[in-house]
Amino acid sequence: MDGDQGGLSGRFAARTLFPGGFWLLAFFAAPLGLVIAVSFGTTDELGGAIYGWYPENYSRVFDPLFAPVLLRSVGYALATVVLCLLLGYPVAYYIARFGGRRKQALIALVVLPFFVNYLIRTYAWVAILSDEGVINGFLGEPVRFLNTPWAVIGGLVYGYLAFMILPVYAALDRMDPALIEAGKDLYGTELSTFIHVTWPTTFQGVLAGCVLVFLPAVGDFVSAQLLGGPGTYMVGNLIQQQFFGAEDWPFGSALTTVMMLFLLVFMVFYLRSAAREART
Amino acid sequence: MTRDPWKAPLRRRELLQGGAGLALGLGLAGCGVGNQEQASKEQTERVVEAKVDGDLVYFNWSEYLEPKLIKAFEKQYGVKVRESNFDSMQGMMAKLRSGNRYDLIFPSSEWVDRLRKANQLLRIDLDQLPNADTVYDYFATPWYDPQADHTVPYAMYATGIIYRADKIGDMSGSWNDMVNPTADGRAFLLDDFQEVIGAGNLVSGAELNSVDEGDVEKAKEWALSVKPKLRGFSTDDVQNMVSGNAWIHHGWNGDVVNIRNQVDKPENYSFQKCSEGIPLGTDCFAIPANAEHPGTALTFINFILDPENASKNIEYMGYPMPYTGPDETFAGLVKDDPAINVTVEDLESGQQFENLGAEGRRLWDRTWTEIKAG
Amino acid sequence: MKALRLYTAAFFAFMFAPLVVVVLFSFNDERSVQKFGGFSLRWYEAFVESESLRGSLVASLEIAFVTMLVSTVLGTLLAFGLVRARTRFASSANVLMLIPLVTPEIVAGVSALLLFTQLGMRLSLLTIMIAHITFSISYVTVVVRARLSTLNQEVEDAALDLGATRWQTFRLVVLPALWPAVLAAGLLVFALSFDDFVLSFFTTGESPQPLPVRIWSAIRFGVTPTINAIGSLMLLISLAAVALALVVQRERA
């Protein structure tokens with residue numbers, strides 16, 4: 001935007017900010033404050049949360065017993081990011097470069113499965129991978145796919161792949177095809193061109209995709225619940241259990257707060273690069 | 001000109017503005033907004049008549065009441081039954097605590113004790129329930145409801161191990177059969193903190209309800225040692241056994257009957273009561289203090305207490321219902337399989353889950369989180 | 001490149017395989033979700049006959065519809081403000097708007113649950129709607145904003161010169177130009193809300209519960225192909241919404 005003051009702007013525009021802004025403040029920002037407030041509380045006779053000053057909820061978060069759960073969540077999320085990148089980038093590349101006139105339709109098709117309910121998509125994999133499922137129907141000896149860490153990671157990949165593909169595709173699509181031609185002249189092979197031209201140019205999109213996959217994956221509990229076993233407990237399951245199983249909303253809130261703070265680092269990083277992109 | 005949103009001075013201002021949002025939230029909390037009011041004694045002691053006063057909001061374990069009876073009730077009284085299910089007592093409590101209003105719930109005895117003491121249960125006047133005269137005398141003064149004026153017993157249960165007799169030939173009669181090598185990877189513990197810690201207590205020779213830190217620690221270690229062999233934690237013992245995912249399942253006696261009703265070879269499914277100890281309990285009808293249609297709830301209870309209906313129910317869910325008359329139906333079911341039986345004598349002499357009190361429950365809660373996460 | 005094309009084809013197969021399985025088994029004659037018996041419509045019948053499932057479908061549609069309406073209004077206004085306003089609040093509002101997009105849903109669910117219970121509000125369809133709207137506003141804003149920056153402001157100037165009030169200009173010039181993006185955003189948000197599980201799970205009351213929560217309970221307690229039937233129906237509705245959104249985008253672009 002080059003700052004022309006044409007059209008509606010100024011105070012009128014400022015006023016339009018208020019309805020949405022106020023809603024977000026009241027229903028998004030304020031509740032986060034409540035989470036922090038409850039995280040310092042304790043539970044009453046019936047298990048309800050009461051306010052107080054019990055910072056030990058936070059020291060409990062860092063109890064070595066829970067360290068594996070936290071590390072595992074980050075680990076699974078990282079594995080998910082890597083797999084999404086490896087699986088998703090080539091598809092985005094193919095559609096952007098060779099999709100031609102059907103580009104839009106193809107990318108829409110890729111994204112379409114993600115509009116099916118996440119639970120159902122994940123559950124479908126249970127049906128496919130279970131001991132009496134489709135795949136084991138073809139094999140001789142039934143192989144145990146479900147209730148393993150790779151099943152959970154697979155579920156996460158399947159769930160969040162679109163968040164990688166879309167930003168990468170957007171970055172690839174924006175690239176000037178002349179750049180690639182020039183690259184081919186310079187570097188010879190497709191692979192070289194890719195490494196020296198395409199990849200650096202689309203790096204911002206890749207980063208965006210990584211962040212958009214990593215953040216929700218860390219907090220996911222559905223995959224672990226449906227596809228995992230007792231050894232694949234993730235921080236999302238732990239939090240969910242505090243609210244719907246054990247009666248410890250304060251501890252659950254403390255876990256949530258710590259997780260949010262951890263992810264904040266990546267969020268800030270993403271927001272900065274989004275701002276930078278918006279300016280170019 | 002475009003402004004860089006990340007220039008320092010602006011950043012501080014934005015943080016302030018964002019912080020204002022958070023502060024709003026903290027302020028709300030500070031004003032002490034919220035926390036459900038506890039029901040007063042008068043509210044819970046009012047007498048409600050057994051007259052239909054709207055649709056029934058029904059909250060129970062799944063597959064724990066014959067669905068045909070629900071349909072029959074709907075037809076006979078012209079109301080709808082809105083059913084939702086919980087998968088654990090804690091799950092039930094979580095929903096109650098969130099402010100959801102149910103008309104009829106099915107807590108087990110120790111939870112009844114807790115809810116009743118916190119004035120969360122509506123008074124049930126047995127005079128309103130003509131069919132209640134068949135209930136066993138033991139339940140006129142049960143430990144969890146000394147005047148029998150807030151609950152009606154629904155079923156008696158025992159916890160043990162459900163197993164595939166055709167796949168596993170070497171059950172030793174102990175809780176440690178959970179780690180039977182033949183069933184490696186096909187074993188489930190109940191997803192219930194009381195059952196697992198209770199079983200752990202029994203295994204180490206302690207009292208079922210021990211809240212001694214040493215005992216509970218040992219129980220936790222037992223659970224953690226079983227965990228690697230497990231396929232998972234689940235209270236859906238019926239489905240897990242029926243589907244073949246489980247060959248060994250920490251589970252409840254009556255579910256064996258339910259399982260047998262659904263499979264081709266019922267004789268393959270057996271129940272074991274373990275030698276170290278058998279947790280026992282009673283599940284009860286109860287009406288939450290904030291129920292909106294308590295009259296319909298009472299009518300429903302009376303309906304199920306009708307001997308014919310109770311018998312049909314027993315055939316479906318397989319648990320002993322403590323009513324004279326229908327108990328013969330149950331006797332018929334167990335004549336070849338005494339392991340499934342639970343009698344009043346068992347209840348009087350055996351170990352039942354108790355209300356642990358706030359401290360004890362917190363200890364068990366934390367241990368449970370550690371078991372799940374560890 | 002041949003290899004890439006093959007890979008992409010395989011990729012599509014992998015993406016769609018589970019959906020095929022879901023739909024296929026919804027027509028299963030047997031009670032299993034894994035072994036296919038014959039072809040039958042019984043599970044669809046079971047769905048149609050079950051009043052509680054129908055109630056859940058209606059609830060899901062209601063929630064999605066209201067979410068769509070409210071969040072498109074709030075989000076469109078917000079997008080306009082973010083693009084055109086010069087105030088300082090605009091940049092903080094921008095950050096405030098972006099954060100929900102990257103917040104894990106469990107955090108959203110927990111904070112929504114705490115908000116409603118600590119305020120003493122009873123959980124119901126309304127609480128689900130509020131939660132969904134909160135997280136949909138950002139999607140609308142992002143979609144509409146992209147279109148907004150391509151608008152020709154001279155038309156607005158002309159309208160203002162001719163004596164139209166600011167509001168009139170907004171209604172009669174800006175909105176019609178934005179309309180395809182607004183509609184597309186609305187349909188997108190409709191589909192997202194209809195499918196949403198985590199937020200609904202944390203903020204749902206006892207009855208009726210939206211379909212995804214019912215599916216979760218069914219998966220926990222006992223699966224029959226009725227789930228597949230529900231899933232296939234949801235698939236149809238979501239895909240219809242998205243397809244519509246794409247068509248609208250292409251037509252007016």
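How many helices and strands make up the secondary structure of chain A? Welcome to this predicted model, in which local features need pLDDT of at least 70, side-chain atom pairs count only at pLDDT 80 or more, and totals for chains, interfaces and linings use all residues. Residues are numbered from 1 along each chain as its sequence is written, chains are lettered from A and ligands numbered from 1 in the order in which they are written, and side-chain values use heavy atoms, leaving out hydrogens and water.

**Chain A: elements and extent**
- Chain A has twelve helices and two strands, counted as DSSP runs of H or I with at least four residues for helices and of E with at least two for strands, numbered from the N terminus.
- Starting at the N terminus, the order is α-β-β-α-α-α-α-α-α-α-α-α-α-α.
- Along the principal axes, the C-alpha atoms of chain A fill a box of roughly 75 × 70 × 30 Å.

- Chain A has 280 residues, and 60% of them count as buried, meaning under 20% relative accessible area with a 1.4 Å probe, protein chains only.
- Take the contacts (heavy atoms within 4.5 Å) between residues at least 6 apart in the sequence of chain A: 67% join residues at least 24 apart.

**Helix H6 of chain C**
- H6(C) covers residues 125–148, and its end C-alpha atoms are 33 Å apart.
- Of the 24 residues in H6(C), 17 are buried.

Notes. Buried means under 20% relative accessible area, exposed over 50%, partly exposed in between (1.4 Å probe, protein chains only). The expected span of a helix is 1.5 Å times one less than its number of residues.
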